[in-house]
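Dear colleague,

Here is the structure I promised to hand over, and below it you will find my notes on what turned up in it. Please keep it open while you read, so that you can look up each residue as it is named.

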Amino acid sequence: MPLLRAVATAVVHLSHVDNPGTFALPYPDSAQSVLDSMVLTCLLLKAEPPRSVPQLVDWCTVRTVDNWVFPIPPGVAPPGSHLVDPTTRQPTQLCYEWADSDDTGLRRTGKENMDAVAMICREENCPDVYHAFRELLIKNPVLTRRELSTLASRGTGLELLQQQIQAVYLPAPAHHMNSRIGTFTACGRCRFLLHRTLEGALVCERDACRSRGPVRHGREYGAGDSGGVFLLIRPLRQWVASPGHAEMHLAKSLESAGATVQLWPSYGSYSLHIALPDGRSWAVEIKDWASGALLGRTAALPPQDPPYDRCVWAVPRGRVRAHHSYRDEFLRHSTGAARSGPDLVSSDDLLRAVRTIVAGAGAPFAPEGLF
Ligand SMILES: [Zn+2]
């Protein structure tokens, strides 16, 4: 697992090289170190090793994670998954999960961004501004320079976070652009910029959008429109904006079902606080990870702020349907105190359980029975 994590981390770092065409020897230290480890491992196993970093990236593109030369524990990657997307040659969602699985990588960077925003809003006693920031990331992952500069005039109070906003929206990477006509196209579902495949087609980076059918084209941006196109940084797209869609949708559904819901209470202590008519309250975290095992390794109870009676982590129904062992893997890889920590349910089952309680059917909430 450490070697797989090191390869994923190196792939993510390599994907941030601005212009791979100018990439030259020597390789970055992290990439060379991983290549050395892979070569040594292959030689020990009498397997053909990758002979260069480009060959290692090819390996991650062609071989599924469950078909590498060295064995990996069962369940830590969905069957048939890759670290590099064969169609776009970009790191997959799973690759980012692996790269961040020791909590020292991009996810921590994203958490630091969010913590800084929460601290400022808390000090200024501005929960509405914190909400406006979360909604900005979810609803506007792409902004032109002019839109960025006029955010303050929209009456949202976001001028308080001008510096933090500029730090998380960076010029859109060239690999999203149609270089022939100089345009970027947003996803019609999540509004992230679509990636271009090697054949020139467009695909969304989110597993959730891909699973919902053919790509849907959204807004188109000229590369020079309104001062240029800016894209939310990847950690905040993957760990904040992407689950944010599900958080907002589930909050509305739970309120319609009769629960009282707070989104991102206490400056983002957790995703949702649900107050039930019988006096109980739940803390809910919305997660959308490709690997239930890696998600389990991050399992921890959020702070009791605001207080709750029990904590549940909810994942999209598609995750548990596609991989029947998803919840088992989550629980198996939860460690230490987390064993008595959050349980895992699908967001549909959570909604169904709340409806049952609100309707007064009297059925106790039993996640084990929901699957
Ligand atoms: Zn999308």
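A patch, as the word is used here, is made of residues with over 30% relative accessible area and no salt bridge, and nonpolar side chains such as Leu are joined into one when they lie within 5 Å. Please also bear in mind that this is a predicted model.

With that definition in hand, you can find a nonpolar patch on the surface that is formed by Leu 40, Leu 44 and Leu 45, which together have about 320 Å² of accessible area. One of these residues, Leu 44, has its place in helix α2, which covers residues 29-44, and Leu 44 counts as exposed because its relative accessibility is 66%, where the cut-off for exposed is over 50%.

The next thing to look at is the metal site. The zinc ion is coordinated by the SG atoms of Cys 187, Cys 190, Cys 204 and Cys 209, at 2.3 Å, and the angles among its 4 donor atoms run from 102 to 116°, which makes the site tetrahedral. Along the chain, these donors follow the spacing C-x2-C-x13-C-x4-C. Cys 187 lies in strand β3 (residues 183-187), whereas Cys 204 lies in the loop between β5 (202-203) and α9 (207-210), so this pair ties together parts that are 17 residues apart in sequence. Cys 187 counts as buried, because its relative accessibility is 3%, and Cys 204 counts as buried as well, at 4%.

A disulfide requires a pair of cysteine sulfur atoms within 2.5 Å. The sulfur of Cys 42 has its closest cysteine sulfur in Cys 60, 11 Å away, which is too far for a bond, and Cys 42 is buried, with a relative accessible area of 0%. For Cys 126, the closest cysteine sulfur is that of Cys 121, at 6.4 Å, which is again too far for a bond; Cys 126 counts as partly exposed, at 22% relative accessibility.

Finally, Ala 172 is found in the loop between β2 (169-171) and β3, and Ala 172 counts as buried because its relative accessibility is 14%.

With kind regards

Definitions and conventions. Residues numbered from 1 in each chain as written. Predicted model: local features only at pLDDT ≥ 70, side-chain atom pairs only at ≥ 80, totals over all residues. Heavy atoms only, no water. Donors = N, O, S within 2.8 Å, 3.2 Å for Na, K, Ca; no water. Tetrahedral: all angles 85-135°; square planar, octahedral: opposite > 155°, others 65-115°. Helix = DSSP H or I, 4+ residues; strand = E, 2+ residues; numbered from the N terminus. Buried < 20%, exposed > 50% of the residue type's maximum accessible area, 1.4 Å probe, protein only. Patch = residues over 30% accessible without salt bridge, like charges linked within 9 Å, V, L, I, M, F, W, Y side chains within 5 Å. Areas by Shrake-Rupley, 256 points an atom, 1.4 Å probe, with all protein chains shown as cover. Salt bridge = Lys/Arg side-chain N within 4 Å of Asp/Glu carboxyl O.
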